[in-house]
Amino acid sequence: MELNDITIFMELYRNRSITKTAELLHYTQSNVSTRLMKLEKEFHGTFFLRTRSGLEILPDGERFCKYASRAEKTLKSLYQEFQVENPEIRIGSTQLLSRLYFPWLFEKNCHFTMHTDAVKKLNRNFNSQIYDIIITHMVQTPETGIFQIQKSEPLLWTASSSLNILPEEVLPVFVSRDKLCPLRHLTLQVLSQEKSELSLIEVDTLDLMISLLSSTRTIALLPEKLIKEEKRLKALPFLSPVILPVYGYCRRKTDADMLKELFEEPDYHI
């Protein structure tokens, strides 16, 4: 159990809502849900029942709350006594990159909050010190005295793992409806260079794209890391891969070391 789990549980207890708790604590909803499941597993109980109207507290949750409320008060007193802020790392990233790197960060048990934001806001919020780290696919212009780490993320043409796609087939291509999506930009760039006149299908979310890809005779350009995690998808070896540059920015060397390990890069610079 992590110290932040107490805060997450108490906000869930007070609000009876994963969505509202995520908003209040500046977490993603998936982060809140994952921390709750891990907490329930550790203490061999089920704390909440999900209903259409929100969360319903269960007997195990009431029992846990008796101790969690005391722990919450103790933690607040502890931070106040030593005048120390919660050493939580605030990470800002795009929806796509959050999806790629959140699992690694979570497995490392880092004390962090993941914020999904528009690309244009990442640099501004980093300079305003709202974020300790930003991860983006576009070069930013942060203030001096920062660490910059770069990674090349391979993108592969993808289709349903249940289908046999032939090299000569001409199939519709999924792209994001978001004009700033890097996958959309690179997909259109490749098709333009090859002068391909393929049918484009726009979708609103990455999850919807993956779901449709797995059940239809279509293709899309997706990160290799994501394809490996999705058994429903497979890469098409006869189509050339594309490289997506990814950039990480932070101020502290400890954060740079974490980004370096995350990106698996041997070097970084300041």
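Among the contacts of the chain (heavy atoms within 4.5 Å) that link residues at least 6 apart in sequence, 69% join residues at least 24 apart. The model is a predicted one, in which local features need pLDDT of at least 70 and side-chain atom pairs count only at pLDDT 80 or more, while totals for chains, interfaces and linings use all residues. Residues are numbered from 1 along each chain as its sequence is written, and side-chain values use heavy atoms, with hydrogens and water left out.

The chain has ten helices and eleven strands, taken as DSSP runs numbered from the N terminus (helices H or I of at least four residues, strands E of at least two). Of its 270 residues, 45% are buried, where buried means under 20% relative accessible area with a 1.4 Å probe and protein chains only. Along the principal axes, the C-alpha trace spans about 65 × 50 × 30 Å.

Helix α3 (residues 29-42) contains 14 residues and reaches 20 Å from its first C-alpha to its last, close to the 20 Å expected at 1.5 Å a residue, the expected span being 1.5 Å times one less than the number of residues. Its buried residues are Asn31, Val32, Ser33, Arg35, Leu36, Leu39 and Glu40. An α-helix has 3.6 residues a turn, so residues three or four places apart point the same way. After α3 comes His44, which has a positive phi near 55°.

In helix α6 (residues 119-127), the buried residues are Val119, Leu122, Asn123, Asn125 and Phe126, and these pack against β3 (89-93), β5 (133-136) and β11 (242-250). Just after α6, Gln129 likewise adopts a positive phi, of about 65°.

Asp255 is located in helix α10 (residues 253-263) and is buried, with a relative accessible area of 3%. When its neighbours within four places in sequence are left aside, Asp255 is in contact with Ile89, Asp132, Ile133 and Cys250.

In strand β7 (residues 173-176), Val173 and Val175 point one way and Phe174 and Ser176 the other way, and all of them are buried. Strand β7 pairs with strand β8 (residues 200-203) in the parallel sense over four bridges, pairing being assigned if DSSP finds at least two bridges between two strands. Within β8, Val203 is the bridge partner of Ser176.

Definitions and conventions: Buried means under 20% relative accessible area, exposed over 50%, partly exposed in between (1.4 Å probe, protein chains only).
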